[in-house]
Structures are given as structure tokens and as C-alpha cells.
Amino acid sequence: MLKEKIEKHLLEVQKPSRYIGGEVGSIIKDKSEIDVRFAFCFPDTYDIGMSHLGMKILYSLTNERENYWCERCFAPGEDFEAIMRENDIPLYALESLDPIKDFDFIGFTMQYELSYTNVLNMLDLAGIPIYAKDRTTELTQIVVAGGPCVCNPEPLADFFDIFILGEGEEVNLELMDLYAEMKKNGASRLDFLRKASQIEGVYVPQFYSFTYKDDGTIDKLEVSEGAPEIVRKRIIRDLDSVYYPKNFVVPFTEIVQDRASVEVLRGCIRGCRFCQAGFIYRPFREKHADTVVDETKCLCENTGYDEVSLASLSTSDHSEIDPMLTKLLDYTVSEKINLSLPSLRVDNFSESLLEKIKRVRKSGLTFAAEGGTQRLRDVINKNVSEDEIMNTCRIAFEGGYSSVKLYFMMGLPTETDEDIVGIAELANRIIDLFYSIENRPKGRGVQISISCATFVPKPFTPFQFEPQDTREMIEHKQKLLLDSVKTKKIKVSYHNPDVSLLEVILAKGDRRLCDVVYTAWKKGCKFDSWEEHFRFDKWMDAFKECGIDTAFYANRRFEYDEILPWDHLDYLVSKEFLIRENKTAHQSKTTPNCRLRCSGCGVNKKVGRECF
């Protein structure tokens, strides 16, 4: 039995509890009563995957159906993978310990581009053909993917049978219902894929083929088998009535976010021009405060967690933020449960919010300023002034805090050396502010932490047309920032530009990159988001062997009239709006947030109602 082979080697690896299942809250069913089996695969380690809220929602939702069984599967660490390959242990699901190659659906959630090679490695470990074209014609082993990265799935298109665009609570079950019906009728794989392509939110890549111009850009897209020319994402219209689990699987081992999570809202009102999530998760929808409080109580009581986090893109934009936090704190404080709040908006930070935060958080505060000068913050539509930044820091310092962390990006469109120096100058002004406050915390010095990520232009944002800075440009700016910091009261950290280069290529690439991903994996690339595993040299060798110029995807400007690899996918925000916002950015002009004024992004017309 597979279980005996697994248990025999568990004490030879780090964190053996990752690999055996049996956790409190995991769901076991009788296989003889199951019509459809779904392996929910996370292409990273158990510690990271078990922190993912989407997996928890869809796992519980699917298992509510008596005849469906969703099980979990994660990428094994290098030590256990070696044992699996040496001892003929195929990739398996944690609930049954059955090989996932025997499942009806093998589903991956694609949360970040640098997990792509892990998908191939997991399929190989499972004994499932990596290329979709090589799989059986029978109706089984349907390999699917969802998550934010599938807004441009083309660099993975050759490996997947189906991509699910948008929110999965409804479409996943519709897909499984169709499968169960067609399986009973003896349908083939192709028959199922044809029918599945008619479900809104389902993209079957083998029915779409691209031809290219001499300059490498896309010439045209041809669609076959009656599939729709444009595939529109799915959304959940009412968050108060949408399914939310009453229980979570509670791991035996510590995970990255070892706490209960409650979703507060979806979407974002802000329209920051660099932020993919802010556009692909539109329209903005929020849960009522009472719904959030009830779900918090239910999860904490059922799981035993003593910490809960509020999950969203911008929790402080919730229209009922003050009463919601008041009600939550009344419960969490009385039950000795820690309430974890996300990064905070500079422009709606108040003394009353600080007082609530102080009841649950004692460490430093984190704010996203993004740009070092007002001009650049206007370019990216951050809609935050320096006065608001300084006022927020003043409130924090007067409230007893002496450390602040500020997030910035480097390599933003139109950025100059003056903008980089402006990051250090802003941090210095915050230090001066601290020492100008009479009732500041005594006996402690101020500490400003600056974290600089390299800007990565992403699909479905106004900056999707922009080039990324070259490595030389980024290294120049990193050195300039370090040289501009003259005090130990300011600490600077920044990202590896090589990682950001690979990220943008995979984010904006087309189907020709499938062979690059495969070649990189064959060269040993996996866990590319882990610094100790990242092999940039092997990736560059793969691009060279496949005849791909990285600068074509990373360092050139995409034209407005160009056919983009994701133009046949509809995430509700119109391309015309993104072009208009890109032009506005180059004029250093801002667009008001959605609550203040509709900017005409196209979402409300497509969903048939106003957002507010």
C-alpha cells in the first residue's frame, strides 16, 4: 500500500507532517460513493499552500456535495521528492493518500508566475503527461488552473486542458456537474472540452491558435470547435450570500499564516495603475460588518485558532470599517484572540483607527507610499499626498509608535533619479517629524524601514503597455538610493532584479514561452520564487535554446493597437479604459477613486449595475 511506503520514509525528511494528512478538519469520504474526485494542487510547499484562503473556500465548498470529493496536494520539498522518485511513490492527495493520476480533475491555483515550473514537476511526479496533447482521449485526468495568473495563461497553455477565469465558487461546481453527467454517458475528453468551453469563465486553450508577424507580435487568433471568441471571467455578485467555510483544516505543523482568515471584500476602489489585483478583481463588493463578525466567531470557535486576519486588497476602504472593528474587537479581546490587520492606507488612517489597532498590534506600522515624489505618485494614481503621509506618521508617533515601514517601487514609468533620491528625502522628513513631536515615545529612537520592489508591468493594468527597466537601470537606482541614505535610522531592502525580469516575461508572454518553461524545468528549475533555488542562468539558457529574446517581452513598449496575448480574455475592464489611463499617467494626472466618481472602466456596463 502507498501509505506504508510513505510512512516508512517520513522520519527521513524535514516536517514529515506535510506529507501524511489526517489533520483536524480534513474531510474523508467513502470512495465507492463518489462520482467526481478533484485534486486541489498548490504548486508550492504545504507551509505556503495551507495559508491560501482560496484553497480553503473551494475545498470546503466542493466537499459540501456528498458525491464530490476534493482533496489537497502540495509540491514536496527536495528531500521528500528525492525519496518519492527513488521509491516509486507517485504524487498523491493527503486525504486518501491515493495517486492524483487516478482523479477526475487535477486542479492548480496559479498565484504567482515563478511557480510555473513546479506545475510541470508535480505533473511529472504524478505520472501525468505534461503536455495536454499527450493525454488520453478518455474522460479523465482533466488538468485545470485558476487564480490571478490565468488572466494571461498563454505561457502555460500547452500544459492545461482548461483555465477557469475569475471567481470559482459557481463555475467550479458547474464544470464538475457537466463532467459527472458526461462521464455517465460515456463521453470522450474532446466531447467534454467542447461542452465545457460554453460555460462562462471556462477557457479551453487547445481551441485557440495564434499566428505571428515577422516582427514577433501576434498577427491573428483563430478559434475552433465552436468556442467563444472572447472568454469572460466569472464573478460572484453577492458576497453576503456566497459560500464561506465554517471550518478550516488545522495543520499539525506551523505554516506561513497560521491563523483563521475572514474575507472582508473583493475588488478595490483605488485604481492604482500598477496593481493587477485592483483591476482583475473588479467590481468592488464588500460583506456587511455583521457577516464578517459572524464568520469570524464561527471559524475561531470551530478551529480553535487564537488569531484571525481580515483578508482583502484594502480592508480600510470598507464602508463600515469603524463599526466592524469595534464589534470584532469586542469579541476578540474578550476571547483573547489576536486580530491581524493588513497594510493600511495612508489617506484614511485616523486616530480612532489607531486606537483600535493598538488593542491588537504592538509592532511597527506599514504603509505603501510606492513613489518617492508627488509627481511619481500622481503618475501611478496612488492619490496620496505628502501631507497625508506626514499626518499619518504624526498620528502613529503621537500614539506611541517609533517605527514605520514604507513600501516603494523602483522602475516605475517616467521615473527619474530625482524620484529615487526622493525616497530617502521623504524618510528623512519623517525622522525630523518624529523628533519635532513633544509627546513622542521617550527612550526610543525612530526607525524607518524602506522596502523597494522592482516594478513589474502586468496584464489588465494601465501599465501593461510599459517596458520594465533593464537590470543595469535597476542596479543604478538601487545604488543611488543606498548612497542617498545618510543615517542608520533608515534601513533599505530591495528585490533581486533577475527575479523581476523573469516575472515580467512570464506575466506578459505568449504561447511560445511554453517550450521555455518546459526547457527550464528539464534543466532543473523549480521553486523559482525561493532565493536558494532560483537559477537565473538556467532560465537564460532555456530562452537562448528556444530562440526567445527576453527583451521582446520585458523591455519593449507594447503598442496600443497591438494584439496582446490576453486580448481574447475579458476581465470586465475595457482595453480602451486602460489605454486612456496610460495616457493620463504620462500626463502626471490622477483619476479619482471609484467611490468619488466612476472612471468608466467598463465593469458596470458588463455586470449590468452600478458599482456604488
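In which loop does P283 lie? In this predicted model, P283 sits in the loop between α8 (276-280) and β12 (285-286). The peptide bond that joins R282 to P283 is cis, with an omega of about 5 degrees. Most residues other than glycine have a negative phi, and most peptide bonds are trans.

Two residues bear on the point about phi. E225 is not a glycine, yet its phi is positive, at about 60 degrees. Its place in the chain is the loop between β8 (218-223) and β9 (231-232). The relative accessible area of E225 is 37%, so E225 is partly exposed.

F460 is likewise not a glycine, and it has a positive phi of about 65 degrees. This residue belongs to the loop that runs between β17 (447-454) and α15 (471-484). Is F460 buried or exposed? With a relative accessibility of 6%, F460 counts as buried, because the cut-off for buried is under 20% relative accessible area.

What is the make-up of the lining of the second largest pocket? The lining residues divide into 8 nonpolar, 3 polar and 4 charged.

Definitions and conventions: Residues are numbered from 1 along each chain as its sequence is written. This is a predicted model: local features need pLDDT of at least 70, side-chain atom pairs count only at pLDDT 80 or more; totals for chains, interfaces and linings use all residues. Side-chain values use heavy atoms; hydrogens and water are left out. Ala, Val, Leu, Ile, Met, Phe, Trp, Tyr, Cys and Pro count as nonpolar, Asp, Glu, Lys and Arg as charged, and the others, Gly among them, as polar. Helices (H or I, at least four residues) and strands (E, at least two) are DSSP runs, numbered from the N terminus. Buried means under 20% relative accessible area, exposed over 50%, partly exposed in between (1.4 Å probe, protein chains only).
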